[in-house]
Every structure is written in structure tokens, then in C-alpha cells.
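Visitor: I'm new here, and I'd like to hear about the aromatic rings. Could you show me around?

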Amino acid sequence: MKKFLLAVAAVVLGSASVQAADLAAHYTKAPMMATAYSWTGFYVGGNVGGQWGSADPATSTAFDPAGYFADTSVTAIAAVGAQRVNSSSVTGGLTAGYNWQLNNAVLGLEGDINYFGLKGSASGSALYPCCAPTGFTVSSQVSADWLATIRGRIGFLAAPTWLLYATGGAAIAEVKGNFNFVDTFAAATESAAFRDTRLGWTAGVGTEYAFGGGWSLKAEYLYVDLGRSTVTSTNLLGGAFPTNVFTHSVDLKSNIVRVGVNYKFGGPVVARY
């Protein structure tokens, strides 16, 4: 009986030892830590696209009893001088900025400088109401070679690597205008020109997709309004009629659609389990 009990105890202890060994051999591995893309950081890039814009050059003069023009001529000159210049061209340049990611929101500040390429001309003629068949011609030329913007960006993440955003801020460009007036009544001439660095505004929307290694692709639309530039002159007929003040102006606006590629430097890595 004693030997039988010892044998049973040995079997029980052996079975418990095997079960303990089995339990020790099986364990659950902790889940691996993954990383999520972070938009925070400084970036640089380039863009290319197209712009289509318009400028509204205007030429007018004021009536003066001692001046060269009849009252009806002043009205006719203003009507012909209200012209329109349409322009479209390829645009492209460099971009730099910084983003801050706050959960699913991204705030940023971006600047760029681009070839603008807006240019065009217009011309119109009419008869003097007082003095037909003599008449006059008004000609205008407008151009803006470059455009720079400084804009804020605010957006949200449709996915960890897909950003939708709105943007707006300041637009800066050098607007150039040339104007000429000539008539057949007494071969009168007048001309004026300006070169004006304009501070206007811009606003738009865009989307950007990050595809790894700090690189991202974006597509963007911007509306640009540079306001009105104005110049006056009193050089009609070489100064013989200084009371005839001419006013010339240009109101320039543009639409821009472009695509670009950015490269982001550094920024924190967000842990995700």
C-alpha cells in the first residue's frame, strides 16, 4: 500500500511539472509599436502651373475751360480709355514653409516666389463728338513678371497622409504700365508710365498627399487681387496745356492653378500601437 501511494504521488507531481512547463513555454508577445506620419516641420519645394488674369487699364482727363479738350471730348476719352487686357501664361517657382500638426488639424505658414508672366495690351479709337472727322486713339500696355505670396494655411487630415487646406495672405508683384494718347485734330500726344510694387491679397484651397521619406505632392488654386495702380501726367502737347491732367490706372487680378512637390525636414515621429 505504501509503495502504491508513492507511485501515485510521483505520477501526479510529474503531470503538474509537465503542465507548468507547457504554461511557461507559451506567452503572448507585446504588439509592435508603429509610427504615424507627422506633418510638423520645415519644408521646401517647387511648383508649376498656369495663370489666367485680367487687367483693367483706364485713361481719363478732366475738363478745363482753358484746356485743350471740349467737355464732350473728355467724356469720349474716358469711354475709350476704359479698356481690358486678358492674359494667360505658364507660372512656376519655389516654395518654403512650416507646419504644426495638432491632432487631426494642421496649421502652417508658407511663402513662395514665382514667375508670373501676366502681360498684354489694348487700344481703342473714336471720333471727337465736337469735331468729326478728327479723332483720337488711346493705347495701354500692362505686365507683371513675378509674384510672391506670404500665406497662412489651415487644414485637416482626411487621412494621416492626406491634407485638405484653405490658405490666404498677402500677394506682392511689380506691376508695369505704359499709356499713350494721340489725336488727329492737332497731332496732340500724351504718354505716361509707371512701375509699381503692389501689395495685394490672395486666397485659395488645396490638397497635399505625403508619400514617404518626407516627400509630398500638392495641388492648389489661388485667387490674386493686386488692387489698382495709378499715375497722372500733364505732358499733353509737350506741356502746352498743363491744366489738362491725365489719369492712368490698372486694376490687376489673376487665377492660378498649380501642382507642386515638397520635402519636409525632420519633425517629431508620433508613436502608434
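Guide: Here is a short chat about ring pairs and how they get their labels. Keep in mind that this is a predicted model. A search of the whole structure turns up 16 aromatic pairs.

Visitor: Why is the pair of phenylalanine 42 and phenylalanine 265 called stacked?

Guide: Their ring planes sit at 20°, and planes under 30 degrees apart count as stacked. The centres are 6.1 Å apart, and a pair needs them within 6.5 Å, so stacked pair it is. The two come from distant parts of the chain: phenylalanine 42 is in strand β2 and phenylalanine 265 in strand β10, 223 residues apart.

Visitor: What makes phenylalanine 42 partly exposed?

Guide: Its relative accessible area is 39%. Buried would be under 20% and exposed over 50%, so a value in between is partly exposed. Phenylalanine 265, at 43%, gets that label too.

Visitor: And why is the pair of tryptophan 215 and tyrosine 263 called tilted?

Guide: There the planes are 55° apart. Stacked needs under 30 degrees and edge-to-face over 60, so the rest are tilted. Centre to centre, these rings are at 4.8 Å. Tryptophan 215 lies in strand β9 and tyrosine 263 in strand β10, so this pair ties together parts 48 residues apart in sequence.

Visitor: How do you know that arginine 153 lies over the face of tyrosine 165?

Guide: The arginine 153 charge is 4.4 Å from the ring centre of tyrosine 165. The distance cut-off is within 6 Å, and arginine 153 does lie over the ring's face.

Methods. Residues numbered from 1 in each chain as written. Predicted model: local features only at pLDDT ≥ 70, side-chain atom pairs only at ≥ 80, totals over all residues. Heavy atoms only, no water. Phe/Tyr/Trp six-rings, centres within 6.5 Å; stacked < 30°, edge-to-face > 60°. Helix = DSSP H or I, 4+ residues; strand = E, 2+ residues; numbered from the N terminus. Buried < 20%, exposed > 50% of the residue type's maximum accessible area, 1.4 Å probe, protein only. Lys NZ or Arg CZ within 6 Å of the ring centre and 35° of its normal.
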